[in-house]
Amino acid sequence: MSNTAAKIATPSGKSAATENFPVGSALIRAELRPHVHAFYRFARMGDDIADNSALTPQDKIARLDLMDAVLLDPSREDVKEAADLRRSLAQTNVAPTNSSELLIAFRMDATKQRYANWDELMTYCRYSAAPVGRQLLDLHGEPAAARGPSDALCAALQVINHLQDCGVDYLEMDRVYVPQDHLAARGVETRHLSSGHASSGLRHCLDDLLNKTDTLMVEARLLPGRLRDFRLRAESATIVRLADKMIAQLRHADPLAARVKPTKLFFATAMIEGVLWSLVAKKR
């Protein structure tokens, strides 16, 4: 790592292995996995910067801007993760749009602590989540018809993650992704996210959001049938099954009392179901 990169990096200790959903798993074609991982390392760096409570919003944005500058400038090597991704994009003939759009979300995280309503949250997901799925589609040369279901799946995954971490995000970063109008509609105040257990009102609020996430999943389930690459189809079907299972789990668990997270058996079952689904998925 260069001196400049060392100065802007704020590693959290999170990695692909700690994510809820597979990142460049064995289901992805071997020659594409290094490019998926290059994109993930770039995203991980940006996310860690945005979530670092020791940095000011201005410092976070300056670091994210530097990442973007190195990503887009072939002469720059001062942030390794950005330079590595730039070379990966050149090798695969994928535009840097998805990568730069992720940084828009991280800049939002640096300055925005609350979301007024579902539409605001979906705008955030358009930049924080959709570019991840779009990057995979672009790497595989998938058709434009897959983009809508991919965006829906990525938004659903993001909301699931927000609900899992709603208490931790508030306590550690004073950041609340649960829309303020949804809290108010159920008579819940933001401070209730620190209580250690979900009140009846908050439980209803979470269920309201899970219902909206289920609506996203209706479109997301179309994704495997829109994909030409069998391995990516299997990966996407696995992730859809994981998302469905996580939604069901969140309906019966209290994310304030303990983080709801998938087990190894949870992953294995979803993968088997996903591969079987991908074998019979019909193109639409």
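1. In this predicted model, helix 2 (residues 33-51) packs against helix 5 (residues 97-111) at an angle of about 15°, and their axes lie 9 Å apart. Because angles under 35 degrees count as roughly parallel, helix 2 is described as roughly parallel to helix 5. The crossing of helix 2 past helix 5 is right-handed.

2. The residues that form this contact can be located on both helices. Helix 2 contributes Phe39, Phe42, Ala43, Gly46, Asp47 and Ala50, while helix 5 contributes Asn98, Ser99, Leu102, Leu103, Phe106 and Asp109. Sorted by class, the contact of helix 2 with helix 5 has seven nonpolar, three polar and two charged residues.

3. Helix 2 also meets helix 4 (residues 80-92): their axes come within 9 Å and cross at roughly 145°. This crossing of helix 2 and helix 4 is left-handed.

4. On the helix 2 side, the contact with helix 4 is made by His35, Ala38, Phe39, Arg41, Phe42 and Met45; on the helix 4 side, by Glu81, Ala82, Leu85, Ser88, Gln91 and Thr92. The contact of helix 2 with helix 4 has six nonpolar, four polar and two charged residues. Phe39 and Phe42 of helix 2 take part here, and Phe39 and Phe42 also belong to the contact with helix 5.

5. The largest nonpolar core has 75 residues, and Met67 and Leu153 touch the most other members. Neighbours within four places in sequence aside, Leu153 is in contact with Met217, Ala220, Leu223, Ser236, Ile239, Val240 and Ala243.

Notes. Residues are numbered from 1 along each chain as its sequence is written. This is a predicted model: local features need pLDDT of at least 70, side-chain atom pairs count only at pLDDT 80 or more; totals for chains, interfaces and linings use all residues. Side-chain values use heavy atoms; hydrogens and water are left out. Axes are lines fitted to C-alpha atoms, for helices over the stretch in contact, and angles run from 0 to 180 degrees between N-to-C directions. Helices (H or I, at least four residues) and strands (E, at least two) are DSSP runs, numbered from the N terminus. Angles under 35 degrees count as roughly parallel, over 145 as roughly antiparallel, 65 to 115 as roughly perpendicular and the rest as oblique. A crossing is left-handed if the near helix is turned anticlockwise from the far one by less than a right angle, and right-handed if clockwise. Contact means heavy atoms within 4.5 Å. Ala, Val, Leu, Ile, Met, Phe, Trp, Tyr, Cys and Pro count as nonpolar, Asp, Glu, Lys and Arg as charged, and the others, Gly among them, as polar. A nonpolar core is a set of buried Ala, Val, Leu, Ile, Met, Phe, Trp, Tyr and Cys residues joined through side-chain atoms within 4.5 Å. Buried means under 20% relative accessible area, exposed over 50%, partly exposed in between (1.4 Å probe, protein chains only).
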